[in-house]
2 protein chains.
Amino acid sequence: MLTIAVDAMGGDNAPECVIEGTVQILREAENRFEILLIGQSEKVRPLLDRHDTEGLNLQLLHAPEVVEMTDVPAIAVKTKQNSSLVRGLQLCKEKQADGFVSAGNTGAQMAASLFVLGRLPGVLRPTIAAYFPRLDEELTNVVDVGANVDCKPEHLVQFAEMLTIYQRDAADIEKPLTGLLNIGEEENKGPELLKQTYRLLQEADSKGKLSFIGNIEGNDILSMKANIVVCDGLVGNTMLKFGESIPAFLGSIFKPSLKKLVASGKLDPASADIAGTAFREIFLPFDVEKFGGVPFLGVDGISIVGHGRSSSRAVKSMIYMAEHMIEKNVNQHIAEAFADE
Amino acid sequence: MLTIAVDAMGGDNAPECVIEGTVQILREAENRFEILLIGQSEKVRPLLDRHDTEGLNLQLLHAPEVVEMTDVPAIAVKTKQNSSLVRGLQLCKEKQADGFVSAGNTGAQMAASLFVLGRLPGVLRPTIAAYFPRLDEELTNVVDVGANVDCKPEHLVQFAEMLTIYQRDAADIEKPLTGLLNIGEEENKGPELLKQTYRLLQEADSKGKLSFIGNIEGNDILSMKANIVVCDGLVGNTMLKFGESIPAFLGSIFKPSLKKLVASGKLDPASADIAGTAFREIFLPFDVEKFGGVPFLGVDGISIVGHGRSSSRAVKSMIYMAEHMIEKNVNQHIAEAFADE
């Protein structure tokens, strides 16, 4: 039976939502796996006691420290060895758990995953991807989104190779398409880094390690041309944060506009409500909760991070993602792919 | 009297919209300046003859070649010396015109501006900025948006300095604020390029050349923190194109959604129309037509490029922008600022 370590203290809604998600998933999955809930027991226990946990494969493990969202990653990892974050990853390292999920400080989890679990053999730099909105049921993952800057061509190619394996094995996309994010479509466009990466991606394609569709541009990301959009972490991080700011920006124009229309008698309140709901729904493709989180790819273990705002539903999705990655042997396949590098 | 050379052949709606904008602006500005309309006279003349140009300071100059949107910039500039683009810039170089505007191939105009006009003394690399949406009347300009990749720290700082002069002189922003686009706010964040740029921007600030507010992130662009957002052309170009793709993406969800609501009887057609109009209006801050175009900053002359989709209104805005930049001595101020570098 698989054992998943869950950071009870990670995220803006922790520990409540984490506890809720954990209890729900064990019922839903009929105790298919065991969950080790890690956190400050004086905080977690009373909340846990409000739930009926009778017969659930659930253990609470005490960790006195907490890595806060505001902590500086490298420092937190060194000074908070007894945090739920570091303890959870150590349980993976010691094979007492098969995977770890947290909705806490992403930078700290990346640093701790790298520090505690280490890299898979052959992996130069572990990475983290993000989901971008799509109108169909496939995925658009942009990689890297901030874990790695000053990337070299061989790093970018490995990101694409790892994500190809992940999407194929764990997300059931038969042939994930990789695009290189650049300022133009032509092969000779863009910075030196991307010209070299272009050639390495062609090579990787010819070896069957991924399916390269060439350069793509910023306006291609939402057009579903590629499943995997490769870029340096500076570009990916900027795009991700810019994209995340758009719903609120547009809402701040549309909502007052509807109110004015109602106030002026041009629109009845009921219709305005309906239009408002339809408006909110256009951002459903931006909802990352269905995925729950993203794995750190390239670390020697399963470490999945969720958005700070994660709900109980997101926590559940993350745990299922951990289970799925383990069952599908994603890490083993990554190690095999890089065995010759 | 100022003389503005206008590329009659540049843009998706050329020459019609260019002719229209030119005739309109001369009437509107009461012949305050003279316009040299440059293009294939066999195409432009018949269209021009449909307008009443009696008494307008307007000359049509024949240029047999046209740089197409699909032309490769470096090649077009060399092989199409008799194009409206190259001829227009040559008129500036020869002091027969004080400025040039075009809504044609941006890359070709950048290359031709650099080739024909050359750089202002002290300028390392001319640049091009873009307008990002704002909820107030000020500006957010992201610079560079694709003219320069593989930038060095001193390039990025010059971009910010030039745009500071432009915004202060030509856009009446008293103290334009510059933010460095990075993956985090802390000084030591991000790639080596940006760490070094951070220090140079601090120096430039202490010399009074710009007002540096530190690192900003992708989600700060729409928040109006900075008037000038500095980044390498790869990042700016990607952001710009990504942003431009968002209205259509969201519209493709909202419009069918309204239709469904009408079909199911939940919303009456008139209310749906009103909601649809309100929805389209949320993208008004994305409308760059009011600015018309952007100047190539750092070239030794006035060269303004508009969006390929430019309307006659945009053409007018570009011509006014050229007039304004000349009157405000923007280029002279840039040359003075860099005289000691």
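1. Two residues are in contact if their C-beta atoms, placed from the backbone, lie within 7 Å. By that rule, 43 residues of chain B are in contact with 43 residues of chain A. Helix 8 of chain B gives the most to the side of chain B that touches chain A, with 20 residues. By class, that side has 24 nonpolar, 11 polar and 8 charged residues, where Ala, Val, Leu, Ile, Met, Phe, Trp, Tyr, Cys and Pro count as nonpolar, Asp, Glu, Lys and Arg as charged, and the others, Gly among them, as polar.

2. The model is predicted: local features need pLDDT of at least 70, side-chain atom pairs count only at pLDDT 80 or more, and totals for chains, interfaces and linings use all residues. Residues are numbered from 1 along each chain as its sequence is written, while chains are lettered from A and ligands numbered from 1 in the order in which they are written.

3. Helices (H or I, at least four residues) and strands (E, at least two) are DSSP runs, numbered from the N terminus. Strand 5 of chain A pairs (at least two DSSP bridges) in the antiparallel sense with strand 10 over 2 bridges and with strand 6 over 3 bridges.

4. A cis peptide bond joins A14(A) and P15(A), with omega about -5°. Another cis bond runs from V143(B) to D144(B), with omega near 5°. Most peptide bonds are trans.
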